[in-house]
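The structure and sequence are shown first, and the description follows.

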Amino acid sequence: MLLTTGAVVAMLAVTVSPASAHHYSGGGSSPSFTIKPYSYNSTWMTPLNQALINWNASPTAAYITKSSSSPSYLVAASYSATWYGLYTPYMTWTTRSFRIQLNARTITRDASNWSNFVTSSFTHEFGHRLSLNDINDGSHCTDAIMSYCRNRNTMTKPQSHDINDVNAYY
């Protein structure tokens with residue numbers, strides 16, 4: 001596998017991070033980044049914007065803003081897939097851009113609190129851009145926005161585990 005310099009740096013960061021950290025090489029070199037402004041109905045906009053607010057208010061260096069010149073973007077639509085959200089990184093670690101997809105079909109199907117479920121899913125996908133990996137530990141459920149087994153109807157903000165991982169990385 002051919003790795004770019006940025007990917008090698010990201011992989012080294014994973015290697016030297018604390019054992020409890022769950023870092024992802026598809027993140028970016030800075031915790032500050034932009035996303036293209038998205039435009040959905042008010043039912044979507046409130047929980048989507050809350051995800052930005054949640055990361056920006058966390059005790060990390062995360063700072064997410066909207067910019068029309070951003071190459072990164074969100075698509076919320078109905079997909080036949082089973083996932084709630086999908087993060088796809090592009091470019092290198094230092095020039096990272098991304099696409100986030102939210103699956104309206106699965107979110108609507110499984111949410112008892114739709115707004116929280118959307119916020120939780122979008123907050124989780126932003127975690128990937130912040131170099132956080134999914135936590136999929138079948139033996140127990142970790143209290144983290146990056147955990148697969150979190151309650152998406154109630155957990156909408158980065159938790160201590162997520163905050164510590166971001167701070168350890170940046």
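In this predicted model, helix H2 has 15 residues and reaches 21 Å from its first C-alpha to its last, close to the 21 Å expected at 1.5 Å a residue.

| Helix | Number of residues | Reach, first to last C-alpha | Expected reach |
|---|---|---|---|
| H2 | 15 residues | 21 Å | 21 Å |

H2, which covers residues 42-56, and H4, which covers residues 114-129, pack at an angle of about 45 degrees, with their axes 8 Å apart. The two helices are therefore oblique to each other, and H2 passes H4 in a right-handed crossing. On the H2 side the contact is made by Thr43, Trp44, Pro47, Leu48, Gln50, Ala51, Leu52, Asn54 and Trp55, and on the H4 side by Trp114, Ser115, Val118, Thr119, Phe122, Thr123, Phe126 and Gly127.

Burial can be described for each helix in turn. In H2 the buried residues are Trp44, Met45, Pro47, Leu48, Ala51, Leu52, Asn54 and Trp55, and what covers them includes strands E2 (63-66), E3 (73-77) and E5 (97-103), together with helices H3 (104-110), H4 and H5 (160-169). In H4, 13 of the 16 residues are buried, so this helix is largely enclosed by the rest of the structure. Just after H4, Ser131 takes a positive phi of about 70 degrees.

Methods. Residues are numbered from 1 along each chain as its sequence is written. This is a predicted model: local features need pLDDT of at least 70, side-chain atom pairs count only at pLDDT 80 or more; totals for chains, interfaces and linings use all residues. Side-chain values use heavy atoms; hydrogens and water are left out. Axes are lines fitted to C-alpha atoms, for helices over the stretch in contact, and angles run from 0 to 180 degrees between N-to-C directions. Helices (H or I, at least four residues) and strands (E, at least two) are DSSP runs, numbered from the N terminus. Angles under 35 degrees count as roughly parallel, over 145 as roughly antiparallel, 65 to 115 as roughly perpendicular and the rest as oblique. A crossing is left-handed if the near helix is turned anticlockwise from the far one by less than a right angle, and right-handed if clockwise. Contact means heavy atoms within 4.5 Å. Buried means under 20% relative accessible area, exposed over 50%, partly exposed in between (1.4 Å probe, protein chains only). The expected span of a helix is 1.5 Å times one less than its number of residues.
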